[in-house]
Each structure stands twice: as structure tokens, then as C-alpha cells.
Amino acid sequence: MTTTSSEQHAVPFWRDERYLQVLAQILVVAIIAGTLYYLANNLVTALAAQNIPIGFDFLRLTAGFDIGESSIAYSRASTNAQALLVGVLNTLRVSFLGIIFSTILGAIVGVARLSNNWLVNKLAGIYVEILRNIPLLVFLIFLYSAAFVKLPRITEALELPGPIYLTNRGFFVPWAEPGDGWSTYRWVLWVGLLVAIVVAWVLRRQGQRTGRMPLILLWAPLAFVVVALLGWFIVPGQPLVSSIPVLEGRNFTGGNGLTPEFMAVLLGLVVYTSAFIAEVVRAGIQAVSKGQREAATALGLSGFQTLRLVILPQAQRVIIPPLTSQYLNLTKNSSLAVAAGYPDVYAIGRTIQNQSGRSIEIIALMMIVYLAFSLGTSLFMNWYNKRIRLVER
Amino acid sequence: MVRKSFIMLALLLVLALTLAACGQATTPAPAPAPEQPAVSEPAQVAGNTLATIKARGKLICGVNQAVPGFGFLQSDGSFAGFDIDFCKALSAAIFGDPNMVEYRPLTASERFTTLQAGEIDVLIRNTTWTLTRDTELGGNFVHTTFYDGQGIQVPVDSGINSITELGGTAICVQQGTTTELNLADQMAAVGVQYTPVVFETADETVNAYLEGRCDAWTTDMSGIVARQSIFPDPTAHKILPEVLSKEPLGPMVRHGDDQWFDIVQWTVFATFQAEEFGITSQNIDTFMSTENPNIRQMLGLEGEMGVKLGLSNDWAYNIVKLVGNYAEIFNRNLGPDTPLGLARGLNASWVDGGLLYAPPIR
Amino acid sequence: MTTSASSRSDVLPPPSERYTLLGWFRKNLFGSWLDALLTLIALAFAVAILVPTVRWATTSARWEVIPNNVELFMFGSYPRDQVWRLWLCLWLLALVTGMLWGVYVRRRSFMSLFLIALPVLGMLFTFASGVWVHYAAMIVAGLAGWALARWRPRLMSSVALVGTLLFFPLVILIIRGFSEESFLPGVATNLWGGLMLSLLISVVGIVFSFPFGVLLALGRQSNLPAVRTLSILYIEIIRGVPLITLLFMGQVMLNFFLPSGIVVDRVIRAMVAVVMFAAAYLAENVRGGLQAIPKGQYEAADAVGLSGFHKMTFIILPQALRAVIPVLVGQFIGLFKDTTLVALVGLLDLLGIARGVLANPAWIGTQLEVYLFLAFIYWIFSYAMSYASRRLEVALGVGER
């Protein structure tokens with residue numbers, strides 16, 4: 001910004017842009033610092049006047065309330081910090097699964113919107129246009145209170161083959177539980193994972209050397225499955241025992257149960273976000289010029305090969321940045337879980353705030369948690385984005 | 001050029017109008033009472049709640065809007081209920097008019113912070129008196145207006161007869177209430193495993209129970225009875241015999257204003273005392289010629305009781321005349337003639353074996 | 001799935017302009033076996049959803065919950081004898097829109113479309129008595145504005161612009177009113193509710209966040225390190241947390257931050273949180289616009305010797321803002337949808353009112369009806385706005401210059 005003209009005739013310092021810039025910055029910082037000090041001062045005065053303590057010692061106190069679903073050991077005697085951790089893990093669980101499923105569903109709908117089939121095309125269009133224009137919160141509450149809670153009662157459970165039971169108390173599915181051979185079998189699985197990684201790495205090297213990229217996504221998991229199956233027969237004892245849900249008294253035992261709260265939040269987030277991802281995918285595919293597709297056809301590539309080798313690698317670069325912001329949105333939107341009774345970090349934070357009265361500390365903690373989630377997601381996606389950029393030639 | 005100046009003019013106007021709108025929107029700082037100069041201690045500012053209310057011309061009362069019988073938003077947009085009547089009684093004591101009240105419907109989760117922040121003058125929203133709330137939450141409870149206890153309700157056909165039979169059940173409960181804590185405590189005490197399903201509002205809680213999401217739901221007995229009265233089939237549900245907790249419900253005021261605390265406290269006592277004397281809103285004028293010195297003092301015919309509170313001397317007269325005594329308030333909202341049909345129980349006057357006992361007004 | 005017809009090696013007959021119905025079906029639905037299968041699956045899917053929905057909606061649905069509570073849904077507890085003030089705002093809206101239409105849109109067909117759409121929309125939403133008078137008044141106002149604009153286009157273009165700018169503060173003043181005794185008695189914000197509150201919060205959010213957002217965007221582009229760091233910090237922190245935490249903070253903590261004795265009511269507190277939130281997102285959108293300005297524009301401004309301030313206000317910002325108008329409309333739609341979150345902190349916006357209505361014993365069990373109605377309202381508004389924004393994009397010629 002400094003121009004050479006300022007050096008030619010001596011400019012007094014109060015008109016010299018270099019000084020002015022420093023001055024302006026000091027001024028801005030001073031104003032902001034002053035405002036912050038003023039606000040903080042008011043806060044401290046108000047808290048002192050009403051004898052409200054401030055500090056994080058309440059995290060060590062007993063929480064005193066129970067939580068419906070938790071992935072770690074938790075009871076009413078646990079501390080507030082543990083309660084918050086349960087919330088954090090619940091948020092992570094629903095966000096992580098949400099990201100995976102919404103990507104799959106979004107990709108399908110996005111491709112369907114470009115289908116030549118009139119009906120498929122229009123249905124996908126209606127799906128996207130409806131979901132993009134209604135608020136997520138209304139959709140979530142609708143899903144929970146008008147769909148999931150209205151499912152059959154537990155005594156009249158809807159039975160699907162499997163057996164899978166659908167009730168308004170939850171979905172109960174058969175599940176595998178560790179048997180007597182599990183401790184050995186676990187190591188087999190680790191070996192399988194290692195083999196899969198090695199296979200992927202070798203194939204990738206080979207692909208780079210020969211210029212013909214094999215289907216890594218097919219072969220690597222296959223290697224894992226082969227190792228896992230071999231281990232199943234070699235390892236003595238039963239590694240896994242199947243467990244079937246059975247109605248006993250007032251609840252199902254055995255199998256695995258998913259609560260309607262969790263299902264409503266997950267389904268709501270997935271369906272809502274998939275509409276946005278579909279648009280991102282569609283725009284990405286359309287951004288690949290028509291000539292590329294025609295050239296691929298001219299080279300004799302099949303439709304699937306065209307998609308995998310020509311369209312997707314190029315579309316990917318357009319898709320990743322907006323996709324990242326959709327993932328961030330999904331993570332933040334998971335805070336609406338409170339509307340469906342799912343104990344995420346926001347819901348539990350509010351409960352603690354209510355029982356202990358520590359609003360400021362709780363809000364600070366919640367913000368830090370969400371900032372960490374956002375930061376983590378964007379770091380990962382930026383890393384991935386850089387990686388696919390390197391492939392560009 | 002003309003156009004440009006037009007735009008500038010418009011921008012200026014926008015700015016001015018917006019500022020005006022903003023200036024209107026914020027409640028002006030309460031003017032300090034003329035005798036006391038503005039003092040820097042905020043407790044002093046918080047200490048003149050009464051002056052603020054009088055300057056504002058209305059009382060701001062934090063209430064419930066969805067508990068039939070206690071605080072309920074009627075379809076014409078007005079509020080009614082047991083708690084609401086105590087807001088009216090306060091308004092009658094201060095202004096001689098029961099309707100100078102602005103009702104602020106609050107959720108269970110936000111009620112304490114709004115009180116702390118000075119947004120409401122008094123919280124009368126079936127709030128349980130506990131030590132933590134009385135200390136760390138920045139408020140003081142005045143005398144209890146309703147003695148309640150927590151109960152658990154189950155469908156009759158569930159075959160559950162005691163809380164020890166609740167093993168493996170799902171229980172619906174409202175977030176941020178003492179009921180959530182009591183439930184956890186009691187179930188831990190009897191060693192029963194259960195799954196809490198926690199909702200933000202009472203409506204959602206009840207709804208989930210009625211749809212069969214939970215085997216049982218829990219809240220204060222009065223709340224259960226109130227809700228049950230509007231269930232599609234009230235007879236299909238029953239309350240378990242165990243009472244999980246003591247739930248003294250009463251008004252709560254902010255820390256740091258003793259005069260205001262006294263006013264709310266004695267407004268409650270006045271309704272007790274009027275019942276004890278047999279004074280009702282119907283017959284109160286016949287007491288104006290009484291010789292009983294206690295009644296004369298209460299009704300402001302003798303002594304300066306109201307002035308001692310910072311009110312006019314007919315404060316108690318206004319409460320009873322315009323709102324009624326405790327029995328009237330109870331019967332109007334919760335009593336046998338209402339859909340709730342609650343018995344007085346612990347909430348009877350001490351002369352009838354209840355717990356309502358007002359200190360002498362003298 | 002996306003097999004293109006051009007990949008066929010056999011010679012196709014020359015394309016005909018007209019299809020028979022059967023031919024259309026064959027081309028668009030049963031092009032190949034895969035296509036036919038997809039069509040059947042999609043058809044089964046559509047039928048499986050549509051048939052029970054239509055059956056329920058026409059037989060067992062209790063739609064009377066909507067007309068019986070329509071006033072609550074539209075404006076909450078706003079005093080019924082003051083509702084004419086809301087209508088007044090709508091008349092003004094029709095007048096200003098008519099003027100803008102007359103000035104900027106030269107095609108008559110749009111005007112008629114607007115005039116038809118308005119009462120039809122209104123008819124869907126209001127079942128109260130006496131609304132026809134107001135609709136008639138709105139049409140007259142719209143027509144009058146349009147006629148005025150056509151009569152004196154030059155003068156009226158200025159008037160319309162000023163009217164647009166004044167419209168919003170004026171609406172707030174009309175709705176809020178003044179002291180008790182005046183012609184417009186004050187209506188406390190705790191009586192505001194329903195769709196009116198949702199719209200007000202989102203409009204306030206977008207209008208007030210605009211200056212902050214532009215400043216933040218400029219700050220982020222600035223070459224002053226302190227300013228840049230602070231801007232980035234603000235933008236990234238706000239964008240990293242959910243709106244609900246900001247609303248919660250606004251509700252719980254804002255009054256603690258103000259000097260004791262000053263109490264801001266909770267509608268304003270929600271608005272403050274929404275403005276803080278929207279400003280960060282708006283800043284990023286404006287930054288997109290700033291980055292889209294070719295470097296030559298900056299260099300040209302430098303070359304003619306404009307100062308940094310002049311360069312921004314006269315060269316860069318006008319172009320950047322023009323480029324981001326459609327994006328801003330998109331943001332407004334998002335904000336309008338996001339206002340539903342204020343229901344979670346206890347405000348009675350459209351969703352809050354809906355929850356209140358469902359708590360009423362008379363309407364227990366009507367969740368489907370009420371929430372479908374809500375989704376429909378939000379959908380209509382959002383879709384209409386995004387449609388308008390697409391038209392605006394064309395009209396402004398964004399991306400063509």
C-alpha cells in the first residue's frame with residue numbers, strides 16, 4: 001500500500017500511511033480491548049452482587065441425574081465432567097454416522113438428479129427441493145413426534161425378517177456378541193486390517209507405476225474379508241455368538257437396540273443434509289466438461305469406467321470444499337438433537353447448567369467442544385483436499 | 001445528483017429511526033429513588049425492586065404456561081391458574097389492581113437465569129425449594145404456597161404396583177427439574193435399573209408417555225393429577241403409592257432485596273391469614289366494622305402494617321378483596337369443582353390439620 | 001445410471017420433434033432394462049408414500065386445528081384490536097413492491113402474476129373474517145405503486161429506493177408502537193409471536209448484520225495484521241459453533257454483560273444473537289464477492305491514484321456486493337429457516353406457537369397436521385424467495401459482465 005510518492009516529498013508522519021496503519025491498528029485493538037474489559041467488568045460485578053461463584057470446580061461434583069444412552073460407564077454418582085463426556089461422545093456418534101450415511105445418500109440422489117430417466121430425475125428433484133426449503137428443526141420434531149413415537153408399542157412390535165423389531169421404544173436388531181474365542185480372534189482382525197493396508201499400498205504403487213489404477217476399494221476390503229474368514233475357521237472356539245432380540249417382560253433383551261431418539265436425530269440429519277450434498281455432487285459432476293465424457297466414450301471406456309476414471313476424479317476437486325462445509329453444518333446441527341430428547345452435549349450441558357447454575361462455564365465448555373469438532377473436521381477435509389490436489393497433473 | 005442526495009437522506013432517516021426503535025426497545029434503567037443518590041454498589045440498584053415496579057407501572061411475573069391448574073395459557077391469550085393468582089395478589093397488594101401484571105412464560109431451564117438477570121421481579125412457576133437453588137442460583141424462596149411430592153404414574157394395565165417393579169423400564173422425565181434428580185436418587189436407593197427419557201418440555205414428556213414411549217412418567221403429584229385430568233382416558237392410569245420426594249413449591253425472588261422479599265412473603269401469609277379468619281372476597285366488607293384488633297390490623301384499619309412493608313395500609317384488603325384468600329385461590333384452580341379435583345391435604349390451614357401457618361400480622 | 005444415448009453405435013433415425021405419448025414413455029422411462037427397472041422401483045416408492053398420505057390427509061386428518069388457531073400461528077398473542085397495524089405493514093409492502101416492480105421490471109406479465117399470487121397465498125394462510133378487505137387494499141396499493149412508478153419513472157425510482165430503505169424501520173415502529181396513550185399504543189415484545197416474529201427476527205438479522213458483515217469481510221482482506229487477525233478470529237469462532245449455543249448465550253448471559261439495571265427483553269436478545277451469527281456468515285459471502293473482482297480493477301484504481309478508502313467504496317465494494325446479492329438472498333432463506341431455533345430458548349415464533357397449540361388439550365395428537373402445516377409455510381416462503389433470487393440473478397446479469 002505504501003506508495004513511492006511518499007518518499008519523494010517528505011510527508012509529515014500524521015499523513016504517512018505507514019504510521020497511520022500502525023495507529024489504526026492500535027486504535028482498533030484498544031477499542032475492542034476496552035469493550036471487552038467493560039463487558040467482563042459488568043459480568044463480574046453482576047455475579048459478585050448476587051453471590052454467584054465462577055470456576056470449573058463444579059465439574060468434579062456428583063452429577064446426580066441419569067442419562068438414557070451412554071457409550072461409557074455412567075451412573076448418577078458420576079461427576080459432571082463424566083456427564084459432559086457422555087454428551088460429547090453421543091454428539092460424536094451421531095455426527096460421525098450422519099456424515100457417512102448422508103454422503104452415501106447424497107451421492108445417490110445427486111446422481112439420480114442427472115439421470116436420463118424422467119421419473120427418477122423428477123423424484124430426486126422433488127426430494128431436494130422439499131428438504132432444502134424446510135427448517136431442520138421442524139423436520140426433526142416432525143420425524144420424532146409424528147413418526148418415531150407413533151410406531152407400534154413394544155407389545156405390538158412390528159416384526160421384520162431378521163428378526164428386526166420396530167417399536168416406539170426402539171429398533172431391535174440381531175447383533176453379534178463376543179464368544180469364548182473372541183480374545184484370539186481380535187488379533188486376527190488386526191492382522192486382516194494390516195494386510196488390507198499393505199494390499200492397498202502395493203496396488204497403489206503398482207497403479208502409479210503402470211498408469212492403470214486397479215480397483216483398490218474392491219481389493220483391499222476383500223483381502224480383509226479373506227483373512228477374517230480364514231481366521232474364523234482356524235481360531236478355536238466361537239469368536240462371535242449371534243444374539244437375537246427377544247421380548248422379555250417390558251423390554252427386549254439380546255440383540256442391539258437403537259432408541260427412537262437416536263434414530264430420529266440420525267435420520268433427520270442424514271436426510272436433511274443429503275439434500276444439500278446431492279446439490280453439491282450434481283454441481284460437481286456438471287462442472288466436468290462434456291468433452292471429457294465424450295472423449296472417454298471415444299476411447300472406448302464403459303459407462304462405469306467413465307464415471308470412475310474420468311468424471312469422479314475431476315468432480316471430486318469441485319465437490320470437496322462445499323462438502324466440507326456440509327459436514328461442518330451437520331456436526332453443528334446435531335445440537336438440535338435436544339428437540340428429540342437425544343442426550344447430546346448441548347442437552348447434557350443444559351441439564352448441568354440447570355442443576356448447578358453455572359451458565360457461563362457451561363457455555364464456554366460447549367463452545368470449545370463444538371470449535372474442536374469443527375476444527376477437527378476441517379483439518380481432515382483440508383488434508384484430503386490437498387491430497388487429491390497433488391494427483392492433478 | 002438528486003438521486004444521490006435522496007439516498008443519503010434516506011440512510012440518515014433509517015439510522016435515526018432505527019436508533020429510535022432500539023431506544024424504545026430497551027427498558028430504561030430504573031431511576032433511583034430521589035432520597036438515595038445513585039450508589040455504585042449494584043446491590044443498591046437491585047435493592048429497589050418495588051420502586052422499579054412502581055416506576056414501570058406493572059409487575060413482571062415469571063410463570064408457567066402449560067400446567068393446567070397452576071399456570072396455563074388460555075386460548076384467548078390470557079393466563080390463569082394457582083400460581084397466576086399469586087401474581088395477581090402481589091399486583092393487588094402493590095397497585096390495588098390485580099391486573100397490573102406482565103406474565104413471562106418461562107421454560108424450566110431458563111427460569112433461574114431470567115430471575116438472576118433481573119428480567120422478572122418474581123418467579124412463581126411451581127418451583128421446588130432446595131438448598132442449592134436458595135444459595136447458588138442467586139435467589140431466595142419465600143414461604144411455600146403449595147406442598148407437593150413427586151409421584152410416578154403408570155398405565156393401569158401395566159401391572160406395576162410399586163417402584164421396585166420398575167426394573168428395565170423407560171421413564172419419561174422433564175429436563176432440568178428436581179424430579180430428574182429425585183428419580184435418579186430414589187431408583188439408586190431401591191437398586192432398580194431404568195432408562196430415563198428426558199424431554200425439554202412437560203408436553204413432550206406427557207406425550208411420549210401417552211404414546212407408549214415410556215412405561216411410566218414422573219413429576220409432582222399435582223402435576224400428574226393436572227395432566228391426567230386432560231388425558232383421553234384418565235381412568236387408564238394410576239399413580240404409584242410411593243412419594244419420591246418433598247416438593248415445597250413457592251415463589252422465588254432475587255438475592256439482595258429484603259424489602260421485596262418481605263412483600264412477597266407477606267402477600268402469601270395474608271392469603272393464609274384471611275382463610276384462618278374466615279375472610280373471603282365476598283364477605284370482606286362486612287369485616288370492615290369488626291372489633292377484632294388482629295383483623296383490624298390486617299385490613300389496615302389499625303396500625304401501619306402496609307407502610308412497614310413499603311405499601312399502602314389496605315394491601316391485605318386488596319389481596320383478599322380482589323383475588324381471594326388461600327382457600328378461594330385453591331378451590332378456584334385446583335379444588336373439587338375443577339377438573340383436577342385435588343384435596344387440600346397438607347395444604348390445609350393449620351387449624352384444619354394442614355401446614356399453612358402464617359405468623360401474626362402485627 | 002447415466003448412460004448417454006450418444007454411445008449407441010447403430011445409426012439412429014433423425015430426431016423427430018414430436019413424440020407420441022407412448023414414444024415419450026419409451027424414451028424417458030423405459031430406455032433400457034435398467035431404466036425400466038429404475039422406473040418401476042421409483043414408481044413403487046412414490047405410490048407407497050403418496051397413497052397412505054393422501055388417504056390420511058383426506059379422511060382421518062384433523063385439519064380444523066389449523067383454521068382454529070390461525071391467528072396464533074400468524075401473530076401469536078399480538079393484541080387482536082391492534083392487528084390492523086400488521087395489515088398496514090402489508091399494505092406498505094404491497095405499495096413499495098408495486099413501485100419497485102414498476103421501476104425495475106418492465107414486463108406487465110410479472111405484475112399480474114404478483115397480483116394474483118398475493119391473495120392466493122393469503123387465502124391459504126388466513127381463514128379469519130374480513131380479510132378480503134385487506135387483500136383488496138393490498139392489491140389497490142400494489143397497483144397504485146406500480147401506476148405511480150410508470151407515471152413518473154425517474155422521480156419514482158428515487159422514491160421507491162427511499163421507500164425500500166425506510167420500509168423496515170417503519171414496520172418495526174408500527175408494530176412496536178409508542179407510549180400507552182398515543183395513536184399507536186406500545187405492544188411489548190413478549191406479545192409478538194408466530195410467523196410475524198419469525199419474519200421480523202430474520203429481517204432484523206440480515207439487515208443489521210449487513211454493515212458488520214461488510215466490515216468484517218474488509219477486515220479479513222485488510223493488510224493490517226491486528227485487524228485481520230481479529231476479523232478472522234471472530235468469523236471462525238462464530239462459524240465454528242452452532243446457532244443454538246449463541247442463542248442460549250444471548251438468553252442467559254447478555255443481561256450479565258450489560259450494566260446492572262439495564263435489561264434487554266428476550267426478543268431483542270435473540271435478535272442480537274442472530275445478528276452476531278449472521279454477520280460472520282455474511283462476511284464470508286462478501287469476501288467471496290471481493291475475491292471475484294478481477295485484480296485489474298484494484299490495479300486500475302491504484303493507477304488513477306485513488307486512496308485505499310476511495311478504491312473500496314467506489315470501485316470494489318459496489319461490484320462485489322452486486323455479485324453477492326443472490327448469495328445474500330440464499331443466506332436470508334437460511335436465516336429464516338434458522339429462526340425456528342428461537343423456539344428452543346422459549347420464544348413463541350411459528351414453531352414455538354405450534355408447540356403451544358399442541359399442548360392444548362383440545363388438540364392433543366395433531367402433531368402430523370400442525371408440523372406439516374409448518375413445513376408447508378416454511379417451504380412456500382423459502383421456495384418463493386429462492387425462485388425470486390434466481391430471477392434476480394438473471395435480471396442483474398450476474399456473471400455476464
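The following questions and answers concern a predicted model.

Trainee: What percentage of the residues in chain A is buried?
Mentor: A residue counts as buried if 20 or more other C-beta atoms lie within 10 Å of its own. Applied to the 393 residues of chain A, this gives a buried share of 36%.

Trainee: How far apart are the C-alpha centres of domain 1 and domain 2 of chain A?
Mentor: The domain assignment of chain A gives domain 1 as 5–49, domain 2 as 80–174 + 244–391, and domain 3 as 175–243. Between the C-alpha centres of domain 1 and domain 2 of chain A, the separation is 45 Å.

Trainee: Which element supplies the largest share of the side of chain A that touches chain C?
Mentor: In this contact, 51 residues of chain A meet 48 residues of chain C. The elements that each supply at least two residues on the chain A side are α2 (17–49), α4 (118–132), α5 (136–148), α10 (303–333) and α12 (359–391). The largest share is 13 residues, and it comes from α2(A).

Trainee: How many charged residues does that side of chain A have?
Mentor: The side of chain A that touches chain C divides by class into 35 nonpolar and 14 polar residues, plus the charged ones. The charged residues number two.

Trainee: Which are the edge strands of the four-stranded open sheet in chain A?
Mentor: The sheet has the order β1-β2-β3-β8 (chain A), with antiparallel pairing. Its neighbouring strands are turned by 20° against each other on average, direction ignored. An edge strand pairs on one side only, and here these are β1 (158–160) and β8 (256–258) of chain A.

Trainee: Which residue of β3(B) stands opposite A66(B)?
Mentor: Chain B has an open sheet of three strands in the order β2-β3-β4, with antiparallel pairing. Its edge strands are β2 (66–67) and β4 (79–80) of chain B. β2(B) pairs with β3 (residues 71–73) of chain B over two bridges. The residue of β3(B) opposite A66(B) is F72(B).

Trainee: Within chain C, which element gives the largest share of the side of domain 1 that touches domain 2?
Mentor: Chain C is assigned domain 1 (61–78 + 188–401) and domain 2 (79–186). Their contact takes eleven residues from domain 1 of chain C and ten residues from domain 2 of chain C. On the domain 1 side, α4 (70–75) and α9 (194–221) of chain C give two or more residues. The largest share, four residues, comes from α4(C).

Trainee: How many nonpolar residues does that side of domain 1 of chain C have?
Mentor: The side of domain 1 of chain C that touches domain 2 of chain C has no polar residues and one charged residue. Its nonpolar residues number ten.

Definitions and conventions
Residues are numbered from 1 along each chain as its sequence is written. Chains are lettered from A and ligands numbered from 1 in the order in which they are written. This is a predicted model: local features need pLDDT of at least 70, side-chain atom pairs count only at pLDDT 80 or more; totals for chains, interfaces and linings use all residues. Two residues are in contact if their C-beta atoms, placed from the backbone, lie within 7 Å. Ala, Val, Leu, Ile, Met, Phe, Trp, Tyr, Cys and Pro count as nonpolar, Asp, Glu, Lys and Arg as charged, and the others, Gly among them, as polar. Domain bounds come from an automatic or database domain assignment. Two strands pair if DSSP finds at least two bridges between them. Axes are lines fitted to C-alpha atoms, for helices over the stretch in contact, and angles run from 0 to 180 degrees between N-to-C directions. A residue is buried if 20 or more other C-beta atoms lie within 10 Å of its own, exposed if 12 or fewer, and partly exposed in between; C-beta atoms are placed from the backbone.
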